[in-house]
Amino acid sequence: MSIDVGPKPTRNAEILPFYRFLAKHPRDPVSAFEEVGRQADGKLVRLNMGPFRPYLVTHPDHVQHVLRTNQPNYVREGMFWDPLVPLLGSGILSDGESWQDSRRVLQPLFTAKYVDSLAERMAEIVAEQIDAVVRPGEPFDVVDGISAIVHPTIVRLFFGDRISREDIARLIPAYEVAVTATWPRLLMPFVPDSVPLPGDRPFRRSIETINTVVYPRVHEARRAAGDGKDVVSAICRAREGDPGEAGDRRIRDDMVSMHGASTETSATALTWVWVALDAHPELAEKIYAEIDEVVGTETVRPSHLPELRYLKMFLSELVRLYPPGWILPRQAVETDEIGGVTIKAGSTVMISPYLTHRLERFWDRPEEFDPERFAPERERGHRWAYFPFGGGPHQCLGQHLFMMEAQLLMAGLLSRYRPVLTASRPVRPRLASSLRPNQKVKLTFVERART
């Protein structure tokens, strides 16, 4: 005989005073965030940010619940997402039916097979951009310089010959502004849209620039009936049944979202490459030796990439410690329970790969940079302890594209140059919609003697 004891009792989440941590680190909000993560230690907690009190989700079991098990209940709305709607629209980075429709259209374009078909063209563009951007022996601003390689590579892959170099030059700073200008609203999501905050006006101007460049390319591709091998042509072919301005808008939203996600992920992650190489010269020597053996004096080709095993391990560890999407907010549609804590409908939950990747119970020496964690023979831990590209149905479509571009770029540079970093103080992450450095990172590429 069984006895019905009723529903399991739930508990209230512990509240951590985030504003106090922030007061201890007024110039380094990410340090405040790290301190919260250490104190939470995987427990589901609530952050007191004044009138805004989101739940912080870091335990892999809880991450899996939000991103996979009960994913439809946690949507990309509210904090972080609402300010970006004017930029992203209702494409692949939205939610609901419009997201499902965009994923149906875009997923075939970001399979490993399709991305591999772009590999030769990507290798050519990366090599051209390295030649155009790098001046041996001269100061190289890492954020601007890497963006000047990554952005044109993705734009030319996406738009083909439909876009001019002048328009590419307009898009790059517009995207830079768009992804960084919203940080005040990220810190103060309780401030209504009617109250102006720093960054609002530059954000609106950046969207105007992006629309001015993107819409004519969409119109041109549609007039040509999607006759082309670039991504915008493929999307136009897939959306033949979406005519008129509404169809143009859907294509625009998909292109802007995918371009923004692809370039921001790559450019941000690759900024940290040079910081990590400088901090760990013994690891840098292993990478140099592997590239010398595999690539030698040749131009880097896609055929080299399978042999650059340690470089791939290095990049996997890089995005563990510096995941570009460091925070993934979601909003609960209906009341739910996570780890014995009731999450009321309308509540914001914040998932952070940045913090989960630093949990000591799931990572040995979590603060240490160690590419050997990702050696093929090493056993992996909890599946959801590592998710630099998100997870579940909303997992980033462009992760294969990122790894290919990152390997081509690093091998292309390091087969020819050695980087010498200059920084006035330790380089730390700063609070933005992606994980940017807290200062200008500059280096010099020293040309190698090649035999």
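For residue classes, Ala, Val, Leu, Ile, Met, Phe, Trp, Tyr, Cys and Pro count as nonpolar, Asp, Glu, Lys and Arg as charged, and the others, Gly among them, as polar. The model is predicted: local features need pLDDT of at least 70 and side-chain atom pairs count only at pLDDT 80 or more, while totals for chains, interfaces and linings use all residues. Residues are numbered from 1 along each chain as its sequence is written, and side-chain values use heavy atoms, with hydrogens and water left out.

**Exercise 1. Pockets**

Task: Characterise the linings of the largest pocket and the second largest pocket.

Solution. 

Step 1. On a 1 Å grid over the protein atoms alone, a pocket is an open set of points with protein on both sides within 12 Å along at least five of seven lines, whereas a cavity is a set of points where a 1.4 Å probe fits but cannot get out; lining residues have an atom within 4 Å of a point. Grid points are joined across faces, edges and corners, and a volume is the space filled by probe spheres set on the points. Helices (H or I, at least four residues) and strands (E, at least two) are DSSP runs, numbered from the N terminus.

Step 2. The largest pocket holds about 650 Å³ of space. Its lining consists of 29 residues, with Lys312, Met313, Ser316, Met403 and Gln407 nearest the centre. Helix H15 (309–321) and H17 are the elements that give two or more residues to this lining. By class, the lining has 16 nonpolar, 6 polar and 7 charged residues.

Step 3. The second largest pocket holds about 300 Å³ of space. Among its 14 lining residues, Arg121, Arg156, Leu157, Gly160 and Asp230 are the closest to the centre. Two or more residues of this lining come from each of helix H6 (112–117), helix H8 (142–159) and H9. The classes here are 5 nonpolar, 3 polar and 6 charged.

**Exercise 2. The largest cavity**

Task: Determine which element gives the most to the lining of the largest cavity.

Solution. 

Step 1. A search of the whole structure finds 4 cavities of 30 Å³ or more, and the largest has a volume of about 700 Å³.

Step 2. The largest cavity is lined by 35 residues, of which Trp81, Leu93, Ala261, Thr265 and Gly325 lie nearest its centre. The lining divides into 21 nonpolar, 10 polar and 4 charged residues.

Step 3. At least two lining residues are supplied by each of helix H4 (85–88), helix H5 (96–106), helix H9 (165–180), helix H13 (244–279) and S6. H13 gives the most, with 7 residues.

**Exercise 3. Salt bridges across the sequence**

Task: State which parts of the chain are tied together by the pair Asp131 and Arg416, and by the pair Lys440 and Asp141.

Solution. 

Step 1. A salt bridge is a side-chain nitrogen of Lys or Arg within 4 Å of a carboxyl oxygen of Asp or Glu; the structure holds 31 of them. Burial is expressed as relative accessible area: buried means under 20%, exposed over 50%, and partly exposed in between (1.4 Å probe, protein chains only).

Step 2. Asp131 and Arg416 form a salt bridge whose closest N and O atoms are 2.8 Å apart. Asp131 lies in helix H7 (residues 119–133) and Arg416 in the loop between helix H17 (399–414) and strand S10 (417–422), so this pair ties together parts that are 285 residues apart in sequence. Asp131 is partly exposed at 45%, and Arg416 is partly exposed at 23%.

Step 3. Lys440 forms a salt bridge with Asp141, with the closest N and O atoms 3.3 Å apart. Because Lys440 lies in the loop between strand S12 (436–437) and strand S13 (442–447) and Asp141 in strand S5 (residues 139–141), the pair ties together parts that are 299 residues apart in sequence. Lys440 counts as exposed at 53%, whereas Asp141 counts as buried at 14%.

**Exercise 4. The open sheet**

Task: Give the strand order of the open sheet and identify its edge strands.

Solution. 

Step 1. Two strands pair if DSSP finds at least two bridges between them.

Step 2. The sheet comprises 6 strands in the order S1-S2-S3-S9-S6-S4, with mixed pairing. Strand S1 (14–16) and S4 are the edge strands, each pairing on one side only.

Step 3. S3 and S9 pair in the parallel sense over 3 bridges. Val57 stands opposite Ile351 in S9.
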